[in-house]
Amino acid sequence: MIVLSILTCRSKALIVDYIKSVEIRSVFAEGAAEKILDFLRGSLFPVEQNFCFYVRKGIRHFEMYCNTGHEGTNNGIKNAATKVLPNHNTDKCTKIMADHDATKMAFYRLDAAAQWEGKALWSATATVDYLLAPAEDMTQSALEEAGNYASLRTRLVQWFVVRSVDREVKGVIPQYARVYIGTFVDGFLICSCEFFQCNGNCCRHIAHVRVYYSANPQLTVHNSAIRWWNHSCTG
Ligand SMILES: [Zn+2]
C-alpha cells in the first residue's frame, strides 16, 4: 500500500485510516486495532514532538548516534543493513560481524588504491577528487537515487518531489511516500527532509531537481559543506 503525505498531521490521519481499514482489521485479532489506536492517540501523538528524532532533526549530527567508539561499534552491529538480531545464535552473530569487518576492509583497500593511483577509481562523479570519502559516497548514492523520484514544479523556485519507484515491502507494513519540498532560497536549493542540515551533503531529492531541471546536471563540491572538502579544495 502506497500512501502520500505532505504534512506530519496528515501522516497521522493516514496511519489512523490505515489501521481502521478493512484489510488491516482482517489480519488483526478482535479489538486489536482499537487498542493500537488508543495507544497512538494517548501515548504517542501527544509527546511525539519530544522524541529524539524531532529534537535533533535539522541539527548537524552526521548521523552519529554515540559519543564513544565502542558505542559506534554497537550501533553499526545493530543498525546496519545486515545486523545482529536478538534471535541470532553465536555462530550467526560471529558471521555477521566478520562480514562487517570484510566490508570495512574492502573500503580501506579502495581508499588505499585511490591514494596510490593519485585518483579515485571507485566513483565517476565530478566531485570524487575534491570530497572526503564519506561525502563522495553520499553524493554518489544521491545521484543513483535521483532517478527513483518524480517531481512537480509548483512555483518558479519550488518543486514537490516524491518517490516513484516502489520499495520492496514484506507483510502489511504501510509504505509511505512522503512529498519532499525543494525550494530555491538565496541561491541555494534546500529540502524539507533536512538531510543537508543533518549531514552537510546534498540529498537525493535535491539531486533529482538538479539532474532534471538544471542546465548543468552535475553536482559540485558546493553541494557539500566545507567540512567535507578535501585538501584539493582547502589547499
Ligand atoms: Zn531532501
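1. Strands here are DSSP E runs of at least two residues, helices are H or I runs of at least four, and both are numbered from the N terminus; two strands pair if DSSP finds at least two bridges between them. Two residues separate E2 from E3 in the hairpin, and Ala150 sits opposite Val162 of E3.

2. Bear in mind that this is a predicted model: local features need pLDDT of at least 70, side-chain atom pairs count only at pLDDT 80 or more, and totals for chains, interfaces and linings use all residues. Residues are numbered from 1 along each chain as its sequence is written.

3. The open sheet has four strands, ordered E2-E3-E5-E6, with antiparallel pairing. E2 and E6 (188-191) are the edge strands, each with a single partner, so one side of each has no neighbour in the sheet. From one strand to the next the twist averages 25 degrees.

4. At the E6 end, E5 (residues 180-185) pairs with E6 in the antiparallel sense over four bridges. Thr183 has Ile190 in E6 as its bridge partner. Helix H9 (residues 204-213) packs on the sheet and touches E2, E3, E5 and E6, where contact means C-beta atoms, placed from the backbone, within 7 Å. H9's direction makes about 75 degrees with that of E2 (axes are fitted to C-alpha atoms, for helices over the stretch in contact, and N-to-C angles run from 0 to 180 degrees).

5. Then there's H6 (residues 90-117): 28 residues, spanning 40 Å from first C-alpha to last, close to the 40 Å expected at 1.5 Å a residue (1.5 Å times one less than the number of residues). The number of H6 residues buried is zero, so the helix lies largely in the open; buried means 20 or more other C-beta atoms within 10 Å of a residue's own, exposed 12 or fewer, partly exposed in between, with C-beta atoms placed from the backbone.

Conventions
Contact = placed C-beta atoms within 7 Å.
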